[in-house]
Amino acid sequence: MCNLSLETGVFPAVFKDALVTPIHKAGSRDTVSNYRPISLLSTISKILEKVVNGRLTSYLEKNNLLASNQFGFRSGKSTEDAVATLSKLITEKLDRGQKCLGIFLDLQKAFDTVSIPLLLKKLENIGVRGTPLDWFTDYLMNRQQVTKVLDNSSNKAKVKYGIPQGSTLGPTLFLIYANSLCKLELENGQSLAFADDTALIFYGSTWASVKETAEKGLMAATRWLEDNLLTINVPKTKYICFKITNANKPTSNFNITVHTYPCNRQINSSDNCSCKKLEQTSNIKYLGVIIDEKLNWQPQIKALSNRTRRLIPIFKNLRDVADKKLLLSVYTALCQSLLCYCIPVWGGAAATHLIELERAQRMVIKIMFRKRRRFPTELLYKETKILTVRQLYIQNTILRFHKHNPPKPSEPTRRRRRVPITRVKTTFASHQYTFRGPILYKKLNNIKDVPKLSKYCLKKILKCKLNELNYDSTEKFLNSLS
């Protein structure tokens, strides 16, 4: 069936019907916008889509057609890579004494408002032609959906625009559609994207020059969105003025205007401009990590502490029916997975900021193993063989550097690998991944020839070595890096 579909360029019509079930998100249940539409497609159709998606993805990667700053739905790239790249860029600019500003775009229903004719044109422009293009045309056209609430179903309705929700091909098709947005040339600026979550970073020697380049860059972005029938959600699009100290912040009358049609086409004169201004914020959630204006990660750590403490009732109930092995497995899945998410980026924060999260972790472990409230910390970690937050930071930072900096084929195998250390000027930068990553890796490489190890072996060695350190020796080890 799959081969016949690909040979003829026809997608079976029976696979085009979708069943939409609205799921309540938050707020009043009487408001339609408070529901998320979940689209259910035929399971067999996803097998065919997976075959096509594998070929399309291979073609895109082999020919380098996708922008390097697009991290979404791509093999070898993740949300951690996107957040780490964003953090590195901001750190480098602030460390050099430059002013830096980030605009975090919010697009209104980006996947649902994609223009099908424009998408087909973009597919043709990247070389998808002939029978393959006929297949994608048939796949996207004449789709229908039915909405079901409890036992009530609506009549069938035609879907005239948007990428099919719940599909295997949808994310890859959106990357193709939004690819040119990632490739926009920005003066003194760079863009980073994970699917439709786009951040624009602008920098300069003064806040006045940053404001000018930011508004020009934002104008280019709004022009692209209008040309591609996508809409920017101005109230939810916010910007952050990054700074190391409060002395480096802009003046109180500093603001960024988002110029839309006709201003961004230079049809209106600047005197008659009635475009909206963006809201400035001190922190924003980007890909599950709270980015703050000083990159000290306090809001992220506070939010993570609250989420960790909310796990206590689960372990209080589970400890009555589960053995130690099962408890550790559940802890790894629910608690440690939270702590490890993007920890190479935010885990270098000051010990005074991290103490709240460490207390939350210890509380979960004590509840899990029925330890008294004032049970000694050192003995707690020694008995359970669980890594502290700081030790998880060291482990994951080294593993990340190991993954993203493999030895080159030209490097001699008999010698220890030389790890170049990034030079930084400020204490602020010395706590970020851009500095800590290579220096932690080098420190371990001096003890063991790390590049020759697999990820599994390296992780095992790291856990053994870190378990030998107590809380104070771990902090002393990290302080010796600065």
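I began with lysine 93 in this predicted model: the charged end of lysine 93 sits over the ring of tyrosine 203, 4.1 Å from the ring centre. I then found lysine 324 over the face of phenylalanine 369, at 6.0 Å from the centre of that ring.

Next I turned to the aromatic pairs, and the count came to 11. I looked up tryptophan 135 and tyrosine 139, which are stacked, with 5.3 Å centre to centre and 10° between the planes. These two are 4 residues apart in helix α5, so about one helical turn separates them. Both tryptophan 135 and tyrosine 139 are buried. My next stop was phenylalanine 401 with tyrosine 441: the centres are 4.9 Å apart and the planes stand at 45°, so I noted this pair as tilted. Phenylalanine 401 belongs to helix α15 and tyrosine 441 to helix α17, 40 residues apart, so the pair links distant parts of the chain. I have phenylalanine 401 down as buried at 8% relative accessible area, and tyrosine 441 as buried at 0%. I also noted a cluster in which ring pairs link Phe11, Phe15, Trp135, Phe136 and Tyr139.

Then I checked helix α6, residues 170-177, and found 8 of its 8 residues buried. Among them are Leu173, Phe174 and Tyr177. I saw that their cover includes α2, α4, α5, α7 and α8.

Last, I visited asparagine 34, in the loop between β1 and β2. Its relative accessibility is 18%, so I counted asparagine 34 as buried, the cut-off being under 20%. Leaving out residues up to four places away in sequence, I found asparagine 34 touching Ile23, His24, Lys25, Ala26, Gly27 and Ser28.

Key:
Residues are numbered from 1 along each chain as its sequence is written. This is a predicted model: local features need pLDDT of at least 70, side-chain atom pairs count only at pLDDT 80 or more; totals for chains, interfaces and linings use all residues. Side-chain values use heavy atoms; hydrogens and water are left out. Buried means under 20% relative accessible area, exposed over 50%, partly exposed in between (1.4 Å probe, protein chains only). Contact means heavy atoms within 4.5 Å. Rings of Phe, Tyr and Trp (its six-membered ring) pair if their centres lie within 6.5 Å; planes under 30 degrees apart count as stacked, over 60 as edge-to-face and the rest as tilted. A charge sits over a ring if NZ of Lys or CZ of Arg is within 6 Å of the ring centre and within 35 degrees of the ring normal.
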